[in-house]
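Trainee: I would like to learn how to read a model of this kind, feature by feature. Could we take the general idea each time, and then the case at hand?

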Amino acid sequence: MTDTTVNAGIAHRLYTEGEPVADTKAPAGPISQKWTQRKFDAALVNPANRRKLDVIIVGTGLAGASAAATMGEAGYNVKSFCFQDSPRRAHSIAAQGGINAAKNYKEDGDSVHRLFYDTVKGGDYRARETNVYRLAEVSANIIDQCVAQGVPFAREYGGLLDNRSFGGVQVSRTFYARGQTGQQLLIGAYQALERQIAAKTVAMYTRHEMLELIVEEGRARGIIARDLVTGEIQTHLADAVVLASGGYGNVFYLSTNAMGSNVTASWRAHRKGAYMANPCYTQIHPTCIPVSGEHQSKLTLMSESLRNDGRIWVPKNREDCEKDPRQIDEADRDYYLERIYPSFGNLVPRDIASRQAKNVCDEGRGVGPMVGDFRRGVYLDFTDAISRLGRAAVEAKYGNLFDMYARITGENPYEVPMRIYPAVHYVMGGLWVDYDLQSSIPGLFVTGEANFSDHGANRLGASALMQGLADGYFVLPNTIRDYLAKGPFEELSADNPAVVAARTAVEERTARFLAINGERSVDSFHKELGTIMWEYCGMERSEEGLLKAIDLIRGLREEFWRNVRVLGAADTLNQSLEKAGRVADFLELGELMCIDALHRRESCGGHFRAESQTEDGEALRHDEEFLYVAAWEFEGGDGHGDMGAPVLHKEDLVYEAIELKQRSYK
């Protein structure tokens, strides 16, 4: 550490350092054989015993729905929870562009090893090698599974499944269903889930929100949930708990996430002892509809698939920024990604495309309306593609995305270039898990975006759907059985001290929200937190800015617990109360994200420290100091805003199958 950082850490008592942490579940031997070996080594549970075992799964997105369907079909007793009115409303439905798999249908040099390599490189060498190889290895199985379910993937003229490219790769490995891949995949998983609900192996609890994790004698044994319609606080017990509750991008308020997406399930587990890994790794997606004013509560993602045929540019001259783009001569356009990164062009990884969009807008060459002091937008132009392929072919590939853009902006993208700008989209950080997807709390497993394991410091496009379904269909069912083979565990009663303590904590927290009776709305606190996070822990971070953000968040959190206004009552439908709990957790998470970003004095992937960049403005890693996963342990706190100083546990990253080197896409 530099003297400045040490002094800042001491002055603010930001964190302490604890013992290292390690994954002990990945077998020894060649990386290509580890998953086969682990599946063989994991204990089995015979079919008769499975009927005696209870598993709770929180979340019904791709990771949660696929896990619940698979576990139910295997014969376990599954309880599935979502806060939406239907499992089909999970945010996975919004993932539009596609799903990666190493099938090499295009015969362009793809393979399991290349998908593995691209994913580790895309994550700027900050992901765990063993987990990523397994992801690449099972990717091909996902496509077969989904085709069997009837997912209508796009097909070529001859009937074979079609592929397209996404950022950070030079092969075509992304399977897609027009611009609604996530929706179609979720319908497939939903059908499988509903089949098990009908078979009574899965009990479905819609409009229920997990508010606390029950940990008894060091093991996860259940959850406390609130029925969002009646307000009833319920206790649900099990032999194991699986969190598939998605990411925490809504800490920024404005993001591409559904407004209900939150961190509460993960954060409640973190407060009970589950380590939170790499929380500062946030993905800013380059292809979003720009902010248009103060009235917005969310942003809209335009699929990265558009970068296959759309060309990104801004005017070379500031004085042209107000012109109709159709009136700007070709010679006066700067196709800056094609210029800076000739090998990958418009298909560079998301973190690089986002940062370069920010750079040209900061130079005063952004387009669109003024928002604050800048025009925050760049053009995504399909003129060449329409000329080359014809409008009908472009409509066949991207028609629903073009229609969505036209409805939101009132502009016709077939005639006028789209305007896009980066926005918070996905988080690579999440609860720490080992090779078995088990957290630091025995019996608590974490899948999909809720865990940290596969994407390092940046996720390549079309890999979220791949990870969610890989975890749910193929990984978790094979690893959780090693834990469940030790069960069923001793049955808990409602008057068990651990159960009573968890339930009491939820009831007291709920009562406090309603008793504060302050003057500010929950949304006003959320919006202010989001502004702080975007300004100081967004696309670029610095030591000075992060220290300022921590102070601002602490002050805002203190005011929240003193001055928030939560209307209504506890024993009824109360969306103000729901939001209050979620924002209270965001206010704690935001501070940890800033502490994590402050301690990591390097740039890698989506984490860009102003103090650590190459001469030409690219991210500069410091492998000799930061080649590790930062796994944070919650320390202290009273449950009402007090955080204590988190404890940093480091998991060293070891690369044996891939050479560690500075990332380049030029």
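Predicted model: local features only at pLDDT ≥ 70, side-chain atom pairs only at ≥ 80, totals over all residues.

Trainee: How many bridges join strand S7 to S8, and do the strands run parallel or antiparallel?

Mentor: As a general idea, strands of a sheet pair through backbone hydrogen bonds, in either a parallel or an antiparallel arrangement. Here S7 (residues 208-216) and S8 run antiparallel and are joined by eight bridges, with His-208 standing opposite Asp-227 of S8.

Trainee: What does S8 form with strand S9, and which residue in the turn has a positive phi?

Mentor: S8 and S9 form a hairpin as well, with five residues between them, and in this turn Gly-231 has the positive phi, of about 85°. S8 itself, covering residues 219-227, is mostly covered, since eight of its nine residues are buried.

Trainee: What is the order of the strands in the open sheet of five strands?

Mentor: The order is S1-S24-S23-S11-S19, and the pairing in this open sheet is mixed. Its edges are S1 (16-17) and S19 (430-431), each of which pairs on one side only.

Trainee: Which strands does helix H17 lie across?

Mentor: H17 lies across S11 (276-277), S23 (628-633) and S24, and the angle at which it runs to S23 is about 145°.

Trainee: How many residues does the largest nonpolar core have, and which of them have the most contacts inside it?

Mentor: The general idea is that in soluble globular proteins nonpolar side chains tend to be buried together. In this model the largest nonpolar core has 144 residues, and Ile-99, Leu-243 and Leu-484 are those with the most contacts inside it. Its largest share, 13 residues, is supplied by H17 (residues 575-599). Apart from this core lies another, of 31 residues, including Ala-353, Val-360, Leu-380 and Ile-420.

Trainee: With which residues is Leu-484 in contact, leaving aside its neighbours within four places in sequence?

Mentor: With those neighbours set aside, the partners of Leu-484 are Val-45, Leu-53, Val-55, Met-71, Tyr-76, Asp-239 and Ala-240.

Trainee: And is Leu-380 buried or exposed?

Mentor: Leu-380 belongs to strand S17 (residues 378-381), and it counts as buried because its relative accessible area is 0%, where the cut-off for buried is under 20%. Beyond its neighbours within four places in sequence, Leu-380 is in contact with Thr-287, Leu-306, Gly-310, Arg-311, Ile-312, Pro-417, Met-418 and Ile-420. By contrast, a separation of 39 Å lies between the C-alpha atoms of Leu-380 and Leu-437, which are 57 residues apart along the chain.

Trainee: How should I read the crossing of helices H7 and H13?

Mentor: Begin with the axes: those of H7 (residues 181-198) and H13 (residues 464-484) come within 11 Å and cross at roughly 10°. H7 is therefore roughly parallel to H13, as angles under 35 degrees are counted that way. The contact involves Thr-181, Gly-182, Leu-185, Gly-188 and Ala-189 of H7, together with Leu-465, Leu-469 and Tyr-473 of H13. Sorted by class, it has five nonpolar, three polar and no charged residues.

Trainee: Is Asn-517 buried or exposed?

Mentor: Asn-517 counts as exposed because its relative accessibility is 61%, whereas Tyr-125 is buried, with a relative accessible area of 1%.

How values were computed: Residues numbered from 1 in each chain as written. Heavy atoms only, no water. Core = buried A, V, L, I, M, F, W, Y, C linked by side-chain atoms within 4.5 Å. Buried < 20%, exposed > 50% of the residue type's maximum accessible area, 1.4 Å probe, protein only. Helix = DSSP H or I, 4+ residues; strand = E, 2+ residues; numbered from the N terminus. Contact = heavy atoms within 4.5 Å. Pairing = 2+ DSSP bridges. Axes fitted to C-alpha atoms, helices over the stretch in contact; angles between N-to-C directions. Parallel < 35°, antiparallel > 145°, perpendicular 65-115°, else oblique. Nonpolar A, V, L, I, M, F, W, Y, C, P; charged D, E, K, R; others polar.
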